[in-house]
Amino acid sequence: MNFFKSHKIEIFIFLLAVFVRIVFPLICFFQNGGSIENTLHGQDGYFEISRNLLLGNGFSINSSIPFAPYSYGVPGYPFFLFFLLALTGSYLGTGMIQLLLGATIPLIGMRLTRFILPSSKHIPIIVAVFLALSPYQILFSFVFSTEILFSVLFGIFLIFFFNFLKSFSTRNAVWVGMFLGLATLVKATTQYLFLVVIIFLLWHFGWKINKNIVSKLGYFFLAFLLVLLPWLYRNYMTFSEINLSSQLPVNLYLTLLPSVLAIQNNSSFAEEQKKLVKINPLNLEDQNSLTLSKTLAGKAVAEILEHPAALIKLYIINTITFFTHDGMLTFLQAAGIKPVAYLEKPAIVLFAESPKEFVMMMGDYLKTSMALVFFARLFWIILTAFFLLGLYNIWRSKNFSREFIFSIIIILYFMLTTLVIGLAVNARFRMPVEPIIFAVSIAGMSIYCGRLKEKFTQIKKHRINSEPSCSI
């Protein structure tokens with residue numbers, strides 16, 4: 001009873017998150033004709049790999065012989081699905097466990113917010129509610145994709161890292177390295193983050209290098225490396241390459257290059273992608289895998305560097321999209337609501353090229369169910385504005401901690417790594433850092449609302465003082 005009383009807010013938020021994560025999959029289930037597999041099936045091949053693992057066909061995406069070894073992604077999520085499938089014996093049981101895991105993200109976000117903004121009492125609760133009701137968080141809680149597992153592992157890594165800043169112990173160093181390694185095995189985006197961690201810790205300790213600091217950093221890096229080592233060894237033995245995956249070089253060729261060319265030639269991403277050598281990133285095994293991807297990446301980088309102005313413009317678009325993309329269209333499509341039309345280019349590009357045509361197009365959209373997409377995008381634009389306001393005011397007041405600084409660095413890290421995705425960037429890539437974005441945004445909102453309240457109070461006092469008094 002004492003536990004329930006002291007954690008009643010956390011329990012309520014968790015139950016709220018579970019409720020909405022059960023209701024929405026039910027809608028998607030009926031839209032998919034009552035098929036559990038179609039409801040849970042993602043687009044990145046994890047479903048097929050987990051099935052091959054379960055059937056004893058190895059780590060392969062192929063549906064028939066030969067079951068060629070897979071190189072495009074990392075093994076964390078497929079083995080996670082394989083373990084749950086073996087444990088529960090069904091896709092429904094696997095989906096339910098992932099759903100419950102997704103419902104813990106609001107609680108992780110609440111914990112992280114208390115580290116970032118320790119003096120705030122209500123902001124952690126608001127952040128948790130936002131995460132519980134976020135459409136993309138709900139959608140990916142049951143779809144077989146890396147986002148939920150990665151967000152949970154990455155959030156735990158951040159919690160241990162913030163504890164490590166307070167208690168510089170060997171145990172915390174090992175936990176930090178281990179969870180960063182596990183997160184990296186789920187999504188290779190964080191494979192270079194260990195360098196950021198080491199540099200930040202050296203700065204945190206005033207660039208003083210002594211035996212204690214070196215040993216703790218050593219334990220951290222060793223734990224991180226030991227988690228990755230089996231997969232690095234597998235890739236070396238299979239492909240003669242010491243690399244986690246072929247994802248980065250393939251993305252350079254298949255997403256970044258056509259994105260730069262689309263901006264340079266004033267065409268669409270799809271048109272430029274069609275002009276490239278036809279390869280399937282999920283089936284690279286038939287084409288020398290890592291070797292081919294490295295060759296294509298070299299060609300892509302050489303051609304991208306020929307268009308520096310287009311690359312800079314793309315980076316600006318990516319930065320804005322990273323913060324403002326809402327994901328509502330994908331959310332509605334999962335529920336069976338089809339769009340009346342697709343935009344050929346990002347909305348920001350269309351607005352910049354022809355504001356009048358863009359406004360007329362949005363007018364037509366607002367007459368359909370796609371109005372939800374418009375309002376969701378508007379919500380994220382406003383939230384981004386408050387994020388910048390909160391960031392400015394917190395920095396200006398110097399009311400920030402080392403945890404806050406590292407959190408902002410983490411956002412910048414994810415924002416920079418999305419450049420390789422080009423025009424294909426969407427709200428998925430922001431999900432791991434959404435707790436931080438929500439926290440700073442709500443802080444900016446509260447500061448703004450506080451100032452408005454203060455101004456209204458001053459105006460009210462001025463009116464009272466300026467009214468003529470009656471004397472008897």
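The model is predicted: local features need pLDDT of at least 70, side-chain atom pairs count only at pLDDT 80 or more, and totals for chains, interfaces and linings use all residues. Residues are numbered from 1 along each chain as its sequence is written, and side-chain values use heavy atoms, with hydrogens and water left out.

**The chain as a whole**

The protein chain has 23 helices and zero strands. Both are DSSP runs, numbered from the N terminus: helices are H or I with at least four residues, strands are E with at least two. Of the 472 residues, 49% count as buried. Buried means under 20% relative accessible area, exposed means over 50%, and partly exposed lies in between (1.4 Å probe, protein chains only). The chain exposes about 23700 Å². Carbon and sulfur atoms supply 67% of that area. Accessible areas come from the Shrake-Rupley method with a 1.4 Å probe; for residues, only the protein chains shown count as cover.

Contact means heavy atoms within 4.5 Å. Take the contacts in the protein chain between residues at least 6 apart in sequence: 75% of them join residues at least 24 apart.

**Helix 21 against helix 22**

Two packed helices are described by the angle between their axes and the distance between the axes. Helix 21 covers residues 371–397, and helix 22 covers residues 402–417. They pack at an angle of about 145 degrees, with axes 12 Å apart. The axes are lines fitted to C-alpha atoms, for helices over the stretch in contact, and angles run from 0 to 180 degrees between N-to-C directions.

Helix 21 passes helix 22 in a left-handed crossing. That term applies if the near helix is turned anticlockwise from the far one by less than a right angle; clockwise is right-handed. Helix 21 makes the contact through Phe387, Leu391, Ile394 and Trp395, and helix 22 through Phe404, Ile405, Ile408 and Ile411. The contact residues divide into eight nonpolar, no polar and no charged. Here Ala, Val, Leu, Ile, Met, Phe, Trp, Tyr, Cys and Pro count as nonpolar, Asp, Glu, Lys and Arg as charged, and the others, Gly among them, as polar.

**Buried polar side chains**

Threonine 190 sits in the loop between helix 11 (170–186) and helix 12 (193–204). Threonine 190 counts as buried because its relative accessibility is 0%. Its side chain joins that of threonine 184 in a polar contact of 2.8 Å. A polar contact is a pair of N or O atoms within 3.5 Å; within protein, one must be able to donate a hydrogen and the other to accept it, and residues adjacent in sequence count only if both atoms are side-chain atoms. Leaving out residues up to four places away in sequence, threonine 190 touches Phe150, Phe154, Leu180, Ala183, Thr184, Tyr413 and Phe414.

Threonine 94 lies in helix 6 (residues 91–102). Threonine 94 is also buried, at 0% relative accessibility. A polar atom of its side chain lies 3.0 Å from the backbone oxygen of serine 90. A polar atom of that side chain also lies 3.5 Å from the backbone nitrogen of leucine 85. Beyond four places in sequence, threonine 94 touches Leu81, Leu84, Leu85, Thr88 and Phe144.

Glutamine 137 belongs to helix 9 (residues 135–139). Its relative accessible area is 0%, so glutamine 137 is buried. Outside the four places on either side in sequence, glutamine 137 touches Arg21, Ile105, Leu131, Ile148, Met431 and Glu434.

**Arginine 111**

Arginine 111 is found in helix 7 (residues 105–116). Arginine 111 is partly exposed, with a relative accessible area of 38%. Apart from neighbours within four places in sequence, arginine 111 is in contact with Ile159 and Asn163.

Two C-alpha separations follow.

| Pair | Apart in sequence | C-alpha to C-alpha |
|---|---|---|
| Threonine 94 and phenylalanine 83 | 11 residues | 9.0 Å |
| Arginine 111 and glycine 155 | 44 residues | 9.2 Å |

**Positive phi**

Most residues other than glycine have a negative phi. Tryptophan 207 has a positive phi, near 60 degrees. Tryptophan 207 is in the loop between helix 12 and helix 13 (211–239), and counts as exposed at 53% relative accessibility. The phi of asparagine 266 is positive too, near 55 degrees. Asparagine 266 is in the loop between helix 14 (247–264) and helix 15 (269–274). At 51% relative accessibility, asparagine 266 counts as exposed.
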